[in-house]
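Work through the exercises below with the sequence and the 3D structure at hand. Each task is followed by a solution in steps.

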Amino acid sequence: MQKLTTPRAEESTRGCLVGKSAIVTGSTSGIGLGIARALAEAGMDVMFNGLGASDIDDIRAGIEREFGVATNYSGADMSEPDEICAMFDDAIAKFGKVDVLVNNAGIQHVEAIETFPPAKWEQIIAVNLSAAFHTIRAAVPGMKARGWGRIINVASAHALVASPFKSAYVAAKHGLIGLTKTVALETAEFGITVNAICPGYVLTPLVEKQIPETAKARMLTEDQVVRDVLLKAQPTRRFITVDEIGAVAVFLSTDGANSITGAALPVEGGWTAQ
Ligand code: NAD
């Protein structure tokens with residue numbers, strides 16, 4: 001019998017993404033950097049974004065050398081709509097188009113509702129939710145005109161279930177799922193897919209910062225927070241890796257995911273199966 005041969009998976013993935021370009025917000029660290037790297041490895045040009053990125057030039061140079069793609073960097077603050085528009089103008093000036101938009105920038109604050117600072121609420125809603133509204137508004141016209149686009153919103157397991165002391169974050173992430181579904185319906189006939197990835201705990205600076213905050217809010221030691229709060233939620237009892245999230249973002253960008261839209265994909269070690 002004739003043996004069926006299929007191209008190696010990574011070659012076929014790269015083939016369909018080479019020459020496409022992406023913006024990944026909040027990609028100077030953690031999950032966003034992992035996604036940006038994975039998209040570049042798949043052959044895409046990438047606009048990096050994030051605050052306080054002293055080493056971004058070295059990161060970009062390394063990625064350009066390793067994967068033979070073009071990169072750019074915007075220091076746009078995702079809580080400022082004018083800066084978001086300027087980031088899009090920069091991306092289009094550099095790459096000519098934005099095929100894949102990854103809304104990843106996010107911040108957290110852990111505190112009981114009675115003392116939760118109103119300014120923190122406003123800031124978290126702006127960066128974790130409203131920024132995606134502004135980036136999507138900017139991205140959709142070009143995607144519609146070209147008949148192809150991918151919008152990937154990095155939500156959270158906290159977009160599907162709540163935990164105490166994270167009112168603003170949980171509200172913003174639940175809102176992001178609503179935005180994902182709505183834009184998926186509006187763009188479904190234009191070759192555009194809009195999905196959310198819902199990670200469980202990934203050991204990034206965002207999580208490292210909340211360990212002492214959670215210890216204070218719950219009157220626990222930091223070791224107890226990791227074991228009895230964070231990893232207790234995840235049946236796999238280990239942190240998710242940035243590479244695992246990057247692989248899902250690449251898959252969602254391929255034509256193999258053409259029919260996945262409006263989805264909230266859990267990548268959380270079984271957390272929300274319980
Ligand atoms: P991180 O702190 O490592 O990275 C956050 C990124 O966002 C950085 O690049 C930072 O510069 C950028 N950023 C923050 N505020 C910004 C602003 N105003 N404008 C532009 N960029 C800004 O955090 P992370 O853990 O990698 O988180 C990335 C995303 O993943 C967030 O949306 C977060 O809610 C989500 N998430 C993280 C986890 C986790 O366990 N780490 C779990 C679920 C979801």
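Contact means heavy atoms within 4.5 Å. The model is predicted, so local features need pLDDT of at least 70 and side-chain atom pairs pLDDT 80 or more, while totals for chains, interfaces and linings use all residues. Residues are numbered from 1 along each chain as its sequence is written, and side-chain values use heavy atoms, with hydrogens and water left out.

**Exercise 1.** List the residues in contact with Phe88, leaving aside its neighbours within four places in sequence.

**Exercise 2.** Which members of the largest nonpolar core touch the most other members?

Solution. Step 1: a nonpolar core is a set of buried Ala, Val, Leu, Ile, Met, Phe, Trp, Tyr and Cys residues joined through side-chain atoms within 4.5 Å; buried means under 20% relative accessible area (1.4 Å probe, protein chains only). Step 2: the largest core has 37 residues, and Ile23, Met78, Phe88, Leu101, Ile136 and Ile151 touch the most other members. Step 3: helix 5 gives the largest share, ten residues; helices here are DSSP runs (H or I, at least four residues), numbered from the N terminus. Step 4: a second, separate core of 34 residues includes Ala22, Ala40, Ile63 and Val248.

**Exercise 3.** Find how far an oxygen atom of the ligand is from an N or O atom in the side chain of Thr28, then look at the backbone of Ile31 and of Asn104.

Solution. Step 1: for the Thr28 side chain, the distance is 2.7 Å. Step 2: a backbone N or O atom of Ile31 lies 2.8 Å from a ligand oxygen. Step 3: for a backbone N or O atom of Asn104, the value is 2.7 Å.

Notes:
Buried < 20%, exposed > 50% of the residue type's maximum accessible area, 1.4 Å probe, protein only. Helix = DSSP H or I, 4+ residues; strand = E, 2+ residues; numbered from the N terminus. Polar contact = N/O pair within 3.5 Å; in protein donor to acceptor, adjacent residues only side chain to side chain.
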